[in-house]
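Biologist: Could you take me through one part of this model at close range, with its neighbours and the way the chain reaches them?

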Amino acid sequence: MSLELLRFAAGLYAVAAAGYLLYFARPRHTLAARFGSWFLSGAVVVHLAAIGLACKEFGGLEWFTMRGGFVLTAVLLAGTYLLVQRFYHLPSVGAFVTPLTLIILLPTLFGEGGAPGEAPAALKHPAITLHIMTASLGVALFGLAFGVAVMYLLQEREVKGKRFGALFSRLPPLNSLDKLTDRLVRLGFLSFTVASILGAVIARSVWKSAWSWDPQQVSTLLIWVLYGGMVQLRHLGWHGRRYALLTLSGFALLMVSIVTLRSVPGLTMHAGEYKGPRTEVVK
Amino acid sequence: MSERQLFLVGLSHKSAPLEVRERMALDGEDLKEALRQLRASQGVDEAFVVSTCNRVEVFVQAEAEEAARSFFTSRAEQAGDHLYVKAGAEAVRHLFRVAASLDSMVVGEQQILGQVKEAYGLASGVQAAGSFMSRLCNRAFATAKRVRTETGIGRGATSMSQVAVDLVEKIFGDLKGRSILLVGAGKMGALSAKALKVLGADRVLVTNRSPERGQQLADQVEGRFRPWGELEQLLVEADVVIVSTGAPTFVLTADMVRAAMRKRRHRNLCLIDLAVPRNVDPACAELEDVFGYDVDDMQKVVSASHEARRGEALSAEAIVEAEVIAFTRERETRAALPVLVTLRQRAEQIARAEAERTLARAGGTLDDRARASIEAMAQAIVNKLLHQPTMRLKASAATGESALAGAAAELFGLDQAATPPRRGTPLNGATAPAAPTPTEEDA
């Protein structure tokens with residue numbers, strides 16, 4: 001049931017993406033952008049409903065798998081963009097973010113929604129929900145920053161290369177993109193920091209040690225240092241192209257680590273190992 | 001009462017030099033007085049005047065264009081050589097093209113529509129423009145709006161300073177809290193600096209080799225003068241640098257800009273070189289986070305938008321053409337209607353009278369159903385007989401042919417009062433058969 005709802009949400013995301021892309025291709029149709037944001041709001045609502053339903057069906061354990069993580073990240077990405085849209089009127093960003101949401105969500109739509117078998121001790125810790133939520137929010141914010149940084153680099157190429165074509169007129173000014181990237185990175189870093197601290201607390205109480213050289217911990221630390229470094233560099237006055245490139249590499253590293261750690265069995269004590277034999281699919 | 005039609009007499013940047021145009025242009029009270037005079041002239045029903053620095057055009061709904069012509073010639077004899085005269089649909093088309101900015105010096109510029117609106121407002125304010133001009137002008141405004149929304153005629157920058165504004169906007173968004181630096185006292189530089197103020201720059205800094213000229217320029221653009229020796233420091237402070245000196249060499253070298261960028265910590269810097277020969281080393285534009293443009297780059301944008309506008313003008317012309325046709329057709333259908341109405345009224349009158357006579361003769365021998373069917377038959381005969389003529393008349397009116405309506409009136413012996421596709425209504429000027437061939441006298 002929750003999976004059907006998720007597929008429906010994906011359909012709404014697709015319509016929203018089409019709206020935003022149409023607006024991007026033909027900026028005269030401002031209605032298309034408005035349609036896009038309506039459908040996106042609808043999609044987020046349905047998506048959240050699907051998550052709530054899945055929590056009821058599977059007891060909230062699903063979120064510790066890669067699939068669950070993607071489902072969460074996608075909804076947070078879309079939700080964050082809707083929030084951002086309230087403060088900055090940049091509908092052209094939607095043309096980048098909405099398709100990205102759909103891509104993240106896509107792999108979770110196939111196969112059967114099932115719960116992992118035995119719930120391990122770590123998942124019974126009271127702080128685990130907040131840990132997962134803040135971590136996913138961090139990933140979503142970094143993802144949004146990634147989308148905006150791509151727009152920055154595209155626009156920079158247009159402006160600097162004196163190509164005053166379609167992209168030039170449709171993409172927002174460089175400065176707005178630069179500022180937005182910075183804010184998203186800061187917020188993402190904040191969220192990621194909270195998630196890491198909670199993770200250490202949980203690890204200490206469940207595994208008896210806050211740090212155990214688990215690959216997940218190592219990669220998280222690396223990513224945390226990278227983004228933290230970016231926030232510092234910004235204070236030192238780093239702007240523009242270099243900052244955008246750093247944003248890209250940060251998110252790339254994040255994605256690689258998520259996918260590797262979740263797909264190679266036995267690599268980490270996180271996630272992957274907990275995937276026990278599937279129980280029967282609850283309809 | 002003789003025939004009325006729309007006449008246009010005018011001169012514009014295409015037909016008359018500036019010294020003639022400026023002598024003819026009128027505004028405010030003078031224009032109102034001129035409109036009252038025009039309206040009071042013999043044979044003029046309505047009038048309105050568009051008067052801008054690029055054109056002075058008099059539109060009259062009148063018997064002849066004489067009154068409009070004397071608007072010019074009474075004030076300066078030589079204006080007569082530069083006048084063009086258009087009548088009927090030609091005049092309608094001209095007004096629509098003007099309002100849609102197709103006849104402007106810079107095609108697609110936005111001001112002209114406002115100016116035409118203002119001109120109409122003025123004319124209707126002094127009762128010089130009446131119902132015909134109202135319909136005409138509203139149609140012209142609607143046409144202009146269609147052209148603006150359906151074509152890209154207003155898109156793209158058409159002047160160097162507009163290009164500069166567009167570029168800076170794409171880099172910085174707005175210029176709040178940022179500074180513009182003007183290097184050198186060139187005229188183009190000052191113009192661009194002024195244009196950039198729309199983006200809300202907080203500070204304008206000016207530097208120049210000669211302090212006197214520099215100070216002068218600083219006053220002119222409401223900026224602050226800084227000595228030439230501080231140039232390297234100024235590059236760190238400013239975000240947009242406009243360079244237009246008379247120097248034959250590079251005033252900004254790549255080394256200077258590289259050093260400045262380090263101190264700026266790579267905050268974006270926009271260098272606009274308006275000088276010929278160039279004052280900014282082209283290598284500067286290669287540096288990271290530096291955006292450099294020279295006259296050639298900007299000129300290319302200007303030509304590209306002119307080119308694009310020319311392309312868009314073609315579709316705009318098609319819209320104008322469609323609107324002109326729709327407008328004149330509307331008027332003619334309106335003009336043909338009286339004949340149709342009278343014809344039908346007359347026929348129905350006869351049918352009713354004949355039906356009554358028949359029924360009266362039959363007396364009480366008929367029941368209600370039979371009476372009703374006799375009345376229905378009479379009505380049906382009228383409808384069937386008039387069906388073809390009605391269709392033909394409507395069709396001919398719509399294509400601009402009004403001779404048929406006249407012939408119908410003649411043939412059916414309808415009164416003069418009801419006849420008037422050709423006479424009487426002030427609406428039908430443009431395509432009445434007797435309309436003189438439109439003339440254009442471009443000097």
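**A strand and its neighbours**

Modeller: Gladly! Let's look at strand β6 of chain B, residues 203-207: four of its five residues are buried, so the strand is largely enclosed by the rest of the structure. Buried here means under 20% relative accessible area, with exposed over 50% and partly exposed in between, using a 1.4 Å probe and protein chains only. Strands (E, at least two residues) and helices (H or I, at least four) are DSSP runs, numbered from the N terminus.

Before going on, a word on the basis: this is a predicted model, where local features need pLDDT of at least 70 and side-chain atom pairs count only at pLDDT 80 or more, while totals for chains, interfaces and linings use all residues. Residues are numbered from 1 along each chain as its sequence is written, chains are lettered from A and ligands numbered from 1 in the order in which they are written, and side-chain values use heavy atoms, leaving out hydrogens and water.

Now to the partners; two strands pair if DSSP finds at least two bridges between them. With β5(B), residues 179-183, β6(B) runs parallel, joined by five bridges. In that pairing, B:Val204 is the bridge partner of B:Ile180. To get from β5(B) to β6(B), the chain passes through helix α8(B), residues 187-196, in a right-handed β-α-β crossover. Right-handed means that, with the strands pointing away from the viewer, the path from the first strand over the helix to the second runs clockwise.

β6(B) also pairs with β7(B), residues 224-225, again in the parallel sense, over two bridges. Here B:Arg224 of β7(B) stands opposite B:Leu205.
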